[in-house]
Amino acid sequence: MKNKNTDEIMLMKNFCLTMLFVILLSVSACYAQPPATNTRVAGLKQNVTVRRDGRSIPYIEAKTEADLYFAQGYVTASDRLWQMDLLRRVARGETAEIFGKVVLEEDKRWRRFGFAKIAEESLALMSPDVKSALENYTRGVNAYIATLDQKNLPTEFQILQFRPRDWQPTDTIVIGKILSDALSTTWYQDLARASLASLPKEKQAELLNQTTPFDVILYGKDADLKSNLNKNSGAVNVSEKFLEFAASDAARRENSLSRVGLYAEDLAASNNWVISGKLTADGKPILANDPHLQPNAPGIWYLSHLSTATMRVSGVTIPGVPGIILGHNDSIAWGATNVGPDVQDLYVETFDANGKYKTATGTESPTARKEEIKVRVSPFKTDTESVALDVIETRNGVIVSEDGGKKYALKWTARDPRNQDFESFFALNRAKNWQDFQNALKIYGGATQNFVYADAKGNIGWIAAGKIPIRKTGDGALPYDGASGDGDWIGFIPFEELPNLYNPADGLIVTANQRIVGTDYKYEQMSRDAAMPWRARRIFDLLKTKTKITMDDVRDAQYDVFNIPISNLAGEIVKSNAASPETLEVLKNWDGRMRADSKGAVLANDIRICLANKIAEENKPAPLAMIRERILWRAVQEKSALWLPKQYKDYPAFFKACDAEARVGLANPKRFGADETKWTWGSLFQSRFPHPLAVAPLIGGQFATPNVPIDGSGQTPNVGSSVSMRHITSPGNWDATRHVIPLGQSGDPKSVYYKDQFEAWRTGAPAIFPFSKSAIEKSAKELTVLTPQ
């Protein structure tokens with residue numbers, strides 16, 4: 001018989017073993033993979049594993065690249081098929097087929113460009129590897145479409161009563177042309193400059209003067225400023241009728257691009273920067289990127305992680321595009337902001353009675369094509385009627401408008417099938433070092449971008465890459481006489497002469513669409529239409545004095561809302577004692593930050609708008625935007641008599657008048673009303689992500705997205721709803737990467753992932769995007785194995 005001590009010992013051992021077993025089960029449960037769901041898919045060669053984390057980001061792992069891109073197409077379509085279809089319809093000029101006559105003029109605009117045919121020509125020129133990636137992605141999209149019936153079609157297809165046709169590789173290519181339109185349409189600025197010729201020379205000079213004390217120049221230095229108005233010896237005047245057409249065309253462009261979330265006002269879109277490890281807390285570089293585009297639902301970006309035995313890459317892409325556009329692999333990280341060089345030219349073509357146009361060597365016959373546009377006749381039926389559009393082209397470009405015997409031709413780098421962007425992104429996904437990065441960008445032909453770089457070895461860099469034309473005469477600042485030959489393109493800025501930096505001594509590179517080159521750079525077309533430097537200057541000032549920068553510091557810079565020009569204006573008003581006592585009291589206590597609860601922000605902003613409007617009114621035809629951004633800050637700072645409206649004796653009187661006008665406007669019941677506690681920036685500046693069908697009666701409510709007061713403004717690093725994604729990564733510390741989009745991965749308004757990322761996007765709470773296989777497995781909430789059928 002066992003003694004009591006022996007029994008107690010045995011009981012204790014059993015208890016310890018049981019507890020150990022429980023602990024082991026608990027630990028294993030923490031890291032255990034979720035149960036796998038098998039989905040049979042026709043077209044796969046081998047199994048593909050798709051894990052999804054708590055935000056439903058897909059982590060796609062395949063044995064071959066063919067299966068990888070097939071699965072990416074299949075998975076992306078399962079989340080964003082409606083958006084993909086709308087994107088290709090916009091670029092192909094086919095939206096009237098589903099929306100009706102209201103968008104017909106937008107479709108005509110796209111059809112004139114002829115991107116459908118250009119995409120076919122581009123596909124034929126692609127390298128076999130890239131072409132294969134597009135074809136496999138296409139097969140994956142179509143495999144998903146084949147699973148759909150009337151009951152499980154995405155909601156938008158059911159509402160509009162149509163079924164998506166099969167995807168094509170050229171659909172991916174035409175989507176890239178939307179980006180080109182959004183980020184490289186510069187001919188409107190050519191007209192704006194031409195319109196200044198009627199103003200006094202001293203005003204012209206100031207309107208064209210881009211230099212400011214706030215500039216963040218990355219390449220070269222400022223020398224004597226040269227006037228762009230005299231650069232094109234062959235420049236010609238344009239008719240009032242054409243100026244009216246240009247204004248209407250700009251409105252159609254804005255509507256069209258806004259519908260798919262790719263409108264970028266004045267080409268100003270994005271912040272990015274890279275910081276050397278010598279300035280960071282852990283000695284590793286940090287890269288940050290937040291592109292600014294028109295907000296919409298679903299958002300333009302889609303988070304993805306792709307891996308095979310030889311490649312691992314993650315970041316964002318646009319639905320419909322294989323691979324990763326902005327992100328990192330296991331060696332390098334990259335980001336992009338728009339540069340906005342002049343890559344379009346207008347030519348005034350003179351036609352004779354026989355339909356031929358003049359050239360420098362005689363007359364030539366234009367080429368012609370006919371486009372047939374399907375137009376839905378009723379929102380209640382799918383019947384369509386055809387509308388014909390005749391398009392003609394000269395040696396200089398496509399005719400966009402005409403006035404009597406003159407026609408206006410547009411030449412654009414995006415209409416050259418040799419100028420491609422997917423080849424470059426395909427190479428960036430696989431790049432291992434700075435040399436690979438440069439090689440990838442040598443062939444880049446999309447909208448010119450500030451590409452920033454950081455790698456796991458501690459290097460940082462920047463290249464302003466793109467195909468930027470060199471003209472026979474001048475630099476494209478003004479329209480040309482098409483018959484002269486002066487505006488002929490004779491080449492592109494050589495890659496070796498594009499602005500670039502590699503491991504700069506100060507360890508910091510910041511771009512925010514500002515002027516990146518000094519006036520001594522010989523190609524003035526590089527950043528003639530750059531944005532004002534407010535965002536770049538603020539970011540640079542926040543980071544330049546720090547020596548132990550962390551990812552939280554970088555996050556704080558992305559969310560910063562200090563407004564340099566409006567804060568300076570408020571300071572001048574206070575210093576001049578030039579406002580009502582009530583306004584002065586508010587502005588004295590305002591910290592210059594555009595916070596949702598700020599009264600100072602809304603008052604100072606309304607005063608600024610008033611000042612700009614009144615100056616513009618006396619200086620027509622100078623564009624209001626040019627007055628507001630280039631002239632107002634300088635006029636206020638220098639108390640410039642040149643720009644003071646004649647009805648005011650001095651600037652204090654001007655300030656007081658606009659303060660009074662602003663207060664009356666704010667008190668209007670149609671705005672905020674007499675209760676000044678409601679005069680807050682957040683009452684004006686709110687989150688807004690409209691879905692194309694949200695305005696539809698009865699059915700639009702299901703697409704609702706958060707509409708709440710938020711911080712930010714157009715002149716601060718945080719621009720509010722236009723921040724289309726935020727990315728912060730530290731090479732070598734990839735599992736700490738933060739990447740967030742404004743709404744969610746899913747385009748289905750019924751999904752919990754339709755807008756689940758909004759709070760993290762709004763507040764800056766870290767949204768971790770794991771990278772290593774072990775971290776991905778730990779974060780997985782769903783596991784699907786796609787198997788060959």
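S56 sits in the loop between β2 (48-52) and β3 (58-61). Helices (H or I, at least four residues) and strands (E, at least two) here are DSSP runs, numbered from the N terminus. You're looking at a predicted model, where local features need pLDDT of at least 70, side-chain atom pairs count only at pLDDT 80 or more, and totals for chains, interfaces and linings use all residues. Residues are numbered from 1 along each chain as its sequence is written, and side-chain values use heavy atoms, with hydrogens and water left out.

- Most residues other than glycine have a negative phi, and most peptide bonds are trans.
- S56 has a positive phi, near 65°, and counts as buried at 7% relative accessibility (buried means under 20% relative accessible area, exposed over 50%, partly exposed in between, with a 1.4 Å probe and protein chains only).
- K639 also has a positive phi, near 50°; with 31% relative accessibility, K639 is partly exposed.
- You'll find K639 in the loop between α19 and α20 (651-667).
- The bond from A297 to P298 is cis, with omega near -5°, and P298 belongs to the loop between β5 (286-290) and β6 (302-307).
- K620 and P621 are joined by a cis peptide bond too, with omega about 10°; P621 is in the loop between α18 and α19 (624-638).

**The bent helix α2**

- Helix α2 (residues 65-92) has 28 residues, but its end C-alpha atoms are only 29 Å apart, short of the 40 Å a straight helix would reach (the expected span is 1.5 Å times one less than the number of residues).
- At R80, α2 bends by about 95° (the angle between axes fitted to the seven residues ending there and the seven starting there).
- Of the 28 residues in α2, 25 are buried.

**Helix neighbours**

- The axes of α2 and helix α6 (residues 128-145) come within 7 Å and cross at roughly 50° (axes are lines fitted to C-alpha atoms, for helices over the stretch in contact, and angles run from 0 to 180 degrees between N-to-C directions).
- That is why α2 and α6 are oblique to each other (under 35 degrees is roughly parallel, over 145 roughly antiparallel, 65 to 115 roughly perpendicular and the rest oblique).
- α6 and helix α8 (residues 169-184) pack at about 110°, with their axes 8 Å apart, which makes α6 roughly perpendicular to α8.
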